[in-house]
Amino acid sequence: MNLRISTWNINSVRLRIGLIERFVKDVSPDVLCLQEIKVDDPLFPADAFHDMGYKYHAVAGQKGYHGVAILSRIPIKKWERKNWCDKEEARHVIATLDCGPKAGIDVHNFYIPAGGDIPDPDKNDKFAHKMQFLDDVSAWFRNEEDPKKAKILVGDLNIAPSEHDVWSHKQLLKVVSHTPIEVEKLAILQDSLGWVDAVRHLVPEPEPLFSWWSYRSKDWRVNNRGRRLDHVWVTKPLQKGLKAMQIDDDTRDWVRPSDHAPVTVDLDLS
DNA sequence: ATGGTGGTCCTACCA
């Protein structure tokens, strides 16, 4: 059995439901993970997703800000929303898919805090929050979760780890999303369960890969000042099944686009 | 060095 999973920071699910329909028509993922849905649970457009074939969903919504959702054509056995850093922010939802091994596959969908502008936790509460979030999630995976189980972690992690994940390593070293301390914290998170970066496993460096281009940059395709902020990771039991990945950056040129492009990975579960 | 754009929801705040 093949599993196609996509992750997309959609920046308002209600405003861009038409773009999602177009993407689903083209790519047809079995599981679609969204971030920044910017809507509370009662107003989530579940019917539209049902019409696209996603009969199962796990939604952690919030009014106006954040919000993550997992839409699935594969039955969801159970799901859960998790809050971090003693905040009620909707940044993490977990769904267990009824496929693959007997216990199923856990999908973790994250929207990690962006972290504000100044990369100093003493001067910037938002950056301190980002650091704490990464520490707490890393400790939780390390202490509570089993690296031998089949798991997928996706989302807008708001960190571009390598020099080939940004348009200019040198010019972004002091820019939040690519600072050494963030890259180190992301490495610790990756180490917590021995996560494999599925996208880089399939398309190794030095190939540049970006999934986000600022709304503020004109001629984004010409200047190509992108960053790879959106990620798909898998635990070791799923590594051998990694088949293909794609970043659909054509979506960045659609009318009223998200500033992020969807990242899709194909996994062979047989 | 600065400001550039876009979302929510109506006034700033967030990215």
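# Exercises on a predicted protein–DNA model

Apart from neighbours within four places in sequence, cysteine 85 has contacts, meaning heavy atoms within 4.5 Å, with His129, Gln132, Phe133 and Asp136. The structure is a predicted model, in which local features need pLDDT of at least 70, side-chain atom pairs count only at pLDDT 80 or more, and totals for chains, interfaces and linings use all residues. Residues are numbered from 1 along each chain as its sequence is written, chains are lettered from A and ligands numbered from 1 in the order in which they are written, and side-chain values use heavy atoms, with hydrogens and water left out.

**Exercise 1.** Determine where cysteine 85 is placed and what separates its C-alpha atom from that of glutamine 132.

*Solution.* Step one: cysteine 85 belongs to the loop between strand E5 (76-81) and strand E6 (92-97). Helices (H or I, at least four residues) and strands (E, at least two) are DSSP runs, numbered from the N terminus. Step two: cysteine 85 and glutamine 132 are 47 residues apart along the chain, and their C-alpha atoms are separated by 7.0 Å.

**Exercise 2.** State which residues of helix H1 are buried and on which side of H1 they lie.

*Solution.* Step one: buried means under 20% relative accessible area, exposed over 50%, and partly exposed in between (1.4 Å probe, protein chains only). In H1 (residues 17-27), the buried residues are Ile17, Leu19, Ile20, Phe23, Val24 and Val27. Step two: these residues are on the same side of H1 because they cover an arc of only 150° around the axis, the arc being that of the directions from the helix axis to the C-beta atoms. Step three: exposed Lys25 and Asp26 are carried on the face turned away from the buried side. Step four: the cover over the buried residues of H1 includes strand E1 (2-9), strand E2 (31-35), helix H2 (46-51), strand E13 (242-247) and strand E14 (263-268). Just after H1, serine 28 has a positive phi of about 50°.

**Exercise 3.** Describe the surroundings of histidine 108.

*Solution.* Step one: histidine 108 sits in strand E7 (residues 105-111) and is buried, with a relative accessible area of 0%. Step two: its side chain forms a polar contact with the side chain of histidine 92 at 3.0 Å. A polar contact is a pair of N or O atoms within 3.5 Å; within protein, one must be able to donate a hydrogen and the other to accept it, and residues adjacent in sequence count only if both atoms are side-chain atoms. Step three: beyond neighbours within four places in sequence, the contacts of histidine 108 include Trp140, Phe141 and Trp195.

**Exercise 4.** Identify the residues that come nearest to DNA strand B.

*Solution.* Step one: a residue is near a strand if one of its heavy atoms lies within 4 Å of it. Among the 16 residues around DNA strand B, the nearest are Ser12, Arg16, Lys63, Arg216 and Arg256. Step two: sugar and phosphate make up 64% of the atoms of DNA strand B that come within 4 Å of the protein. Step three: phosphate oxygens of DNA strand B lie 3.4 Å from a backbone N or O atom of glycine 64 and 3.4 Å from a side-chain N or O atom of lysine 126. Step four: a base nitrogen of DNA strand B is 2.6 Å from a polar side-chain atom of arginine 216.
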